[in-house]
Amino acid sequence: MVALRNISSPERGVLLLDRDHKVILANKRASVIFGIAPDEMVGHALPEVITRRPVYDEDVVEEVLDSLCSGNAIIHRYSSPVYSPDGSVGGRVEIYSDITARRELEKEILDRNVELAELNGQLQEAQEMLIHSERLRTLGEMAAGVAHDINNVLGIILGNAQLAKRSVAGNESALHSLEAIELAARDAAETIRRLREIGKPTDISSYGAVDLNSIVDDVVHGAFPAWQESGSHGGARIEFNTALSSGCIVHGNASELREALANIILNAAQAIEGAGRIEVYTARDGGHVEVAVTDTGIGMSQETKQRLFDPFFTTRGAQGTGLGMSMIDAIAIRHGGRVLVESEEGKGTRVTMRLPASAISS
Ligand SMILES: Nc1ncnc2c1ncn2[C@@H]1O[C@H](COP(=O)(O)OP(=O)(O)O)[C@@H](O)[C@H]1O
Ligand SMILES: [Mg+2]
């Protein structure tokens, strides 16, 4: 056999092994990879760091070796049998390639992909917000257009009903009808007010530092007894708890935020049949603050969840206007935030208003 001195391959480490897997030849690159001089390798078995051996002489072995002696290099090992002219396996050739750069590139591509997916998600979210607020704006324009006329008509209906009431004194049935007209006109006026509320543009001049905890206090103490009466719980008690965290300050309009929270709690109370529990809590997380209301009510079907924010969508028949959630949503959007809804049919609902924290609270 010709005495082999070196296999010139600056990129790859090459080892030739005899049939007993002893090194016959190691090139310079292999010596660098293992940190052992070629002469010290020749005549010996593979360096100890190599543990995978072929089961049969004919086997090809491939593996990736992390951080061999030359630091953090990642080395790909390819070990293949070499056949003698008679067809038997006469030895092996082992090729070691440094794939560190490739791995780094792959990792970078992977990282980029993750980044890209994130950006895509953000873009989609921004797009949805835009479509959403555009829809609210259209609704607002429409509301502003009709509100004035309808309010005039309602004023005439109300005024005349009140006048008529005076002239039918003693006629119980006529009085009853006129009161029904009056009530209906007031309800319609309230609907118009809500519609205008939804489409209202942000009025920054009315904004100031608002503590969400005081909003909760005002709403809970100001109006809670009324919610006890609402819904279909037939006098059964709704247990009511609050859990407030400090530092929940937003830059906004207190009366709008009160209106939004009052409507979230009203919906919660209306979702409770019989006895139940409502919890209101505030929390701060990084740059955001949250006020959330959980209830043990009837929860929402998939369809309701999807249409919840559509103006006029209601599952409460004639009792509902379907404007509560739209208004809550519009108020959150005006404050640069959003409303998140989690709900399970038959178990309950959590409605969270998530708003940017005011710089003051940090
Ligand atoms: N806390 C809640 N639990 C169950 N369903 C709810 C809750 N809040 C809202 N919903 C559902 O969303 C619908 C729309 O709510 P909303 O816009 O306030 O209108 P309305 O209360 O007039 O029906 C309700 O009819 C109801 O189906
Ligand atoms: Mg409602």
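Reader: What makes strand 4 and strand 5 a pair?

Author: Two strands pair if DSSP finds at least two bridges between them. Strand 4 (residues 74–83) and strand 5 (residues 89–98) have nine bridges, in the antiparallel sense. Arginine 77 has tyrosine 96 of strand 5 as its bridge partner. Strands here are DSSP runs of E with at least two residues, and helices are runs of H or I with at least four, numbered from the N terminus.

Reader: What should I know about the model and its numbering?

Author: This is a predicted model, in which local features need pLDDT of at least 70, side-chain atom pairs count only at pLDDT 80 or more, and totals for chains, interfaces and linings use all residues. Residues are numbered from 1 along each chain as its sequence is written, while chains are lettered from A and ligands numbered from 1 in the order in which they are written.

Reader: In what order do the strands of the antiparallel open sheet lie?

Author: The order is 2-1-5-4-3, with five strands. Strand 2 (23–26) and strand 3 (61–66) are the edge strands, since each pairs on one side only. The average twist from one strand to the next is 20°.

Reader: What joins strand 1 to strand 2?

Author: Strand 1 (residues 12–18) runs antiparallel to strand 2, with three bridges between them. Leucine 16 is opposite leucine 25 of strand 2. The hairpin leaves four residues between the two strands, and histidine 21 has a positive phi near 65°.

Reader: Which sheet has mixed pairing?

Author: The mixed one is an open sheet of five strands in the order 7-9-10-12-11. Its edges are strand 7 and strand 11 (338–344), each pairing on one side only. Direction ignored, neighbouring strands are turned by 15° on average.

Reader: How do strand 7 and strand 9 run, parallel or antiparallel?

Author: Strand 7 (residues 238–243) and strand 9 (residues 276–285) run parallel, joined by six bridges. Isoleucine 238 faces glycine 276 of strand 9. Alanine 243 has tyrosine 281 of strand 9 as its bridge partner. By contrast, strand 9 and strand 10 (residues 288–295) pair in the antiparallel sense over eight bridges. Two residues lie between strand 9 and strand 10 in their hairpin, and glycine 286 in the turn has a positive phi of about 60°.

Reader: Why are helix 3 and helix 4 called roughly antiparallel?

Author: The axes of helix 3 (residues 100–167) and helix 4 cross at roughly 160° and come within 8 Å. Axes are lines fitted to C-alpha atoms, for helices over the stretch in contact, and angles run from 0 to 180 degrees between N-to-C directions. Angles under 35 degrees count as roughly parallel, over 145 as roughly antiparallel, 65 to 115 as roughly perpendicular and the rest as oblique. Helix 3 and helix 4 are therefore roughly antiparallel.

Reader: Why are helix 4 and helix 8 called roughly parallel?

Author: Helix 4 (residues 172–199) and helix 8 (residues 324–334) pack at about 30°, with axes 8 Å apart. Helix 4 and helix 8 are therefore roughly parallel. On one side of the contact are Arg194, Glu197 and Ile198 of helix 4; on the other are Ser326, Met327 and Ala330 of helix 8. Contact needs C-beta atoms, placed from the backbone, within 7 Å.

Reader: How are the residues of that helix 4 and helix 8 contact classed?

Author: There are three nonpolar, one polar and two charged residues. Ala, Val, Leu, Ile, Met, Phe, Trp, Tyr, Cys and Pro count as nonpolar, Asp, Glu, Lys and Arg as charged, and the others, Gly among them, as polar.

Reader: What does helix 6 touch on the sheet?

Author: Helix 6 touches strand 7, strand 9, strand 10 and strand 12 (348–356), and its direction makes about 25° with that of strand 10. Helix 8 lies across strand 11 and strand 12, at about 140° to strand 11.

Reader: Which residues are closest to ligand 1?

Author: Asn267, Ala271, Thr314, Gly320 and Gly324 are the closest of the 22 residues around ligand 1. A residue counts as near if its C-beta atom, placed from the backbone, lies within 6 Å. Helix 6 (254–271) and helix 8 each give two or more residues to this shell. By class, the shell has eight nonpolar, twelve polar and two charged residues.

How values were computed:
Two residues are in contact if their C-beta atoms, placed from the backbone, lie within 7 Å.
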